[in-house]
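Here are some notes to read alongside the model. Take them one at a time, and keep the 3D view open as you go.

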Amino acid sequence: MAEPGEELVDRFRAVVLRRPVGVTVVSVRAGGLDLAMTATDVASVSLRPPMVLFCVYSDARLRESLETTDTWAVSLLDATATPVAERLAEPGRPSIGQLTGIGHHRGEASGAALVDAAQGWLECRTAWVRTAGDHDVVVGEVLDARLGPTGTGALVHHHGRLRPLP
């Protein structure tokens, strides 16, 4: 497949940034280390069985960890979690201590960190991974789903910015 021109990439980015999407944290526990990243494109794939997908840069540490562990978690961030989302979206952040100072608890089904400031949590097992351009698409079967506190609002990504919704 031919590389798209930068003009097309810029126009594509401008269009997709207009789509409001929920902000999540995807986390994995591998080799005694918690890795986490902000993800704005986590999608429901199937109800029977319950499945979701997320996309991750092919060369990201979290993606590499999926070679050695097949369980991971998704925390659907609430309106108060902008600092968490920004921190876990920073490129080049250290592998060790990514969740230091971020309230979280451990998921029973995945062993992965679940961010406390969340509307809900999904714990998943990888079903398959496929390359799509500079990202990999990771599809997982949901092992557990739990709601967080209600009435805290959601955090969305829209027009290139994080925005709390009441």
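Is Val15 buried or exposed? Val15 counts as exposed, because its relative accessibility is 58%. The cut-offs are under 20% relative accessible area for buried and over 50% for exposed, with partly exposed in between (1.4 Å probe, protein chains only).

Before we go on, a word on the source: this is a predicted model, in which local features need pLDDT of at least 70 and side-chain atom pairs count only at pLDDT 80 or more, while totals for chains, interfaces and linings use all residues. Residues are numbered from 1 along each chain as its sequence is written, and side-chain values use heavy atoms, with hydrogens and water left out.

1. **A patch on the surface.** Val15 sits in helix H1, residues 6-16. Helices (H or I, at least four residues) and strands (E, at least two) are DSSP runs, numbered from the N terminus. Together with Phe12 and Val16, Val15 makes a nonpolar surface patch with about 280 Å² of accessible area. Such areas come from the Shrake-Rupley method with a 1.4 Å probe, and for residues only the protein chains shown count as cover. Patch residues have over 30% relative accessible area and no salt bridge; like charges are joined within 9 Å, and nonpolar side chains (Val, Leu, Ile, Met, Phe, Trp, Tyr) within 5 Å.

2. **A salt bridge in the helix.** Helix H1 also holds Arg13 and Asp10, three residues apart, about one turn of the helix. They form a salt bridge whose closest N and O atoms are 3.6 Å apart. The term means a side-chain nitrogen of Lys or Arg within 4 Å of a carboxyl oxygen of Asp or Glu. Arg13 counts as partly exposed at 45% relative accessibility, and so does Asp10 at 44%. The structure holds nine salt bridges.

3. **Salt bridges across the sequence.** Arg63 and Asp136 meet through their side chains at 2.6 Å, N to O. Arg63 belongs to helix H2 (residues 61-65) and Asp136 to strand S10, so this pair ties together parts that are 73 residues apart in sequence. Arg63 is buried, with a relative accessible area of 11%, and Asp136 is buried at 5%. Now find Asp70 and Arg125, whose closest N and O atoms are 3.2 Å apart in another salt bridge. Asp70 is in the loop between H2 and S6, and Arg125 is in strand S9 (residues 118-132), so parts 55 residues apart in sequence are tied together. Please also look at Arg29, Asp34 and Arg106, which are linked in a salt-bridge network.

4. **The nonpolar cores.** The largest nonpolar core has 15 residues, and Val26, Met37, Phe54, Leu62, Leu66 and Trp72 have the most contacts inside it. A core is a set of buried Ala, Val, Leu, Ile, Met, Phe, Trp, Tyr and Cys residues joined through side-chain atoms within 4.5 Å. Strands supplying at least two residues each include S2 (24-30), S3 (33-39) and S5 (50-57). Another core, of 13 residues, lies apart from it, with Val23, Ala36, Leu88 and Val115 among them.

5. **A three-stranded sheet.** This open sheet runs in the order S1-S11-S12, with antiparallel pairing. Strands S1 (21-22) and S12 (161-165) are at the edges with a single partner strand each, so one side of each has no neighbour in the sheet. Pairing requires at least two DSSP bridges between two strands; S11 (residues 154-158) and S12 have five. In S12, Arg161 is the bridge partner of His158.
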